[in-house]
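Me: I have a protein structure open and want to learn how to read it. Can we go through it feature by feature?

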Amino acid sequence: MEVIVIAIFDLGLRIRNVRKAHNLTQEQLAEKIKVSPHYVYELEHGYKSMSIYTLANIATVLDAPLDFLVFGKEPATTPENKDYITHDDLDRLVESIPLYKRDSAYSALKNLLPYLK
């Protein structure tokens, strides 16, 4: 069994860089993930670890792939070999559907969701 080592300092640094790229303060991120601003400070400086739940919340709020936050794995830059879908990708997809067909697309996706969970 392979042991995975996560560099807490590097994880915190990546969280801080992505947070700043989104023009969020530590206080704003803390509010969105329902923790104290001091805890965000400690995470970003590698003083504290976090639960997978907190990490998932941070990734969601920052719209950042977990592979990038945890391991520094840069996401692919071309659509052909990208291994994740962003909110922007979904927005572009929906915008490409003609208005008169969006109700049908919504119904199809809504019916598919139980099978994806």
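**Reading a helical chain**

Reply: Let's start from a single residue. Glu 44 is found in helix α3. Keep in mind that this is a predicted model.

Me: Is Glu 44 buried or exposed?

Reply: The cut-off for buried is under 20% relative accessible area. Glu 44 has 1% relative accessibility, so Glu 44 counts as buried.

Me: What does Glu 44 touch, leaving out residues up to four places away in sequence?

Reply: Glu 44 touches Gly 12, Leu 13, Ile 15, Arg 16, Arg 19, Gln 26 and Leu 29. Look at Gly 12 in that list. Glu 44 and Gly 12 are 32 residues apart along the chain, yet their C-alpha atoms are separated by 3.7 Å.

Me: Which residue meets the side chain of Glu 44 in a salt bridge?

Reply: That residue is Arg 19, at 2.5 Å from N to O. Arg 19 sits in helix α1 and Glu 44 in helix α3, 25 residues apart, and the pair links distant parts of the chain. Arg 19 is buried too, with a relative accessible area of 6%.

Me: How many salt bridges are there in the count?

Reply: The count comes to two. Lys 73 forms a salt bridge with Asp 67, and here the closest N and O atoms are 3.6 Å apart. Now check accessibility. Lys 73 counts as partly exposed, at 42%. Asp 67 is partly exposed as well, with a relative accessible area of 35%.

Me: What about a charged residue that is buried yet has no salt bridge?

Reply: Arg 14 is such a case. Arg 14 lies in helix α1. The nearest side chain of opposite charge is Asp 10, 4.9 Å away. Then ask what Arg 14 does touch. Beyond neighbours within four places in sequence, Arg 14 is in contact with Phe 68, Leu 69, Val 70, Phe 71 and Gly 72.

Me: Let's zoom out. How many helices and strands does the protein chain have?

Reply: The protein chain has seven helices and zero strands. Along the sequence, the pattern reads α-α-α-α-α-α-α. Buried residues make up 25% of the 117 residues. Contacts tell you about the fold as well. Take those between residues at least 6 apart in sequence: 47% of them join residues at least 24 apart.

Me: How do I describe two helices that pack together?

Reply: Two packed helices are described by the angle between their axes and the distance between the axes. Here, α2 and α3 pack at an angle of about 105 degrees, and their axes are 8 Å apart. Angles of 65 to 115 degrees count as roughly perpendicular. α2 and α3 are therefore roughly perpendicular to each other.

Me: Which residues make that contact?

Reply: From α2 come Gln 26, Glu 27, Leu 29, Ala 30 and Ile 33. From α3 come Pro 37, Val 40, Tyr 41 and Glu 44.

Me: What can I say about Gln 26?

Reply: Gln 26 belongs to helix α2. At 16% relative accessibility, Gln 26 counts as buried. Leaving aside neighbours within four places in sequence, Gln 26 is in contact with Arg 19, Pro 37, Val 40, Tyr 41, Glu 44 and His 45.

Me: Which residues of α3 are buried, and what covers them?

Reply: Tyr 39, Val 40, Glu 42, Leu 43 and Glu 44 are buried in α3. Their cover includes α1, α2 and α4. Then look just after α3, where Gly 46 takes a positive phi of about 75 degrees.

Me: And how do I read a nonpolar core?

Reply: In soluble globular proteins, nonpolar side chains tend to be buried together. In this model, the largest nonpolar core has 19 residues. Ile 15, Met 50, Ile 58, Leu 62 and Leu 69 have the most contacts inside it. Helices α1, α2, α3, α4 and α5 each supply at least two residues of this core. α4 gives the most, with four residues.

Me: What surrounds Met 50, neighbours within four places aside?

Reply: Met 50 is in contact with Leu 11, Ile 15, Tyr 39, Leu 43, Leu 55 and Ile 58. Find Ile 15 and Ile 58 there: both are also among the core residues with the most contacts.

How values were computed
Residues numbered from 1 in each chain as written. Predicted model: local features only at pLDDT ≥ 70, side-chain atom pairs only at ≥ 80, totals over all residues. Heavy atoms only, no water. Core = buried A, V, L, I, M, F, W, Y, C linked by side-chain atoms within 4.5 Å. Buried < 20%, exposed > 50% of the residue type's maximum accessible area, 1.4 Å probe, protein only. Contact = heavy atoms within 4.5 Å. Lys, Arg positive; Asp, Glu negative; His and termini not counted. Salt bridge = Lys/Arg side-chain N within 4 Å of Asp/Glu carboxyl O. Axes fitted to C-alpha atoms, helices over the stretch in contact; angles between N-to-C directions. Parallel < 35°, antiparallel > 145°, perpendicular 65-115°, else oblique.
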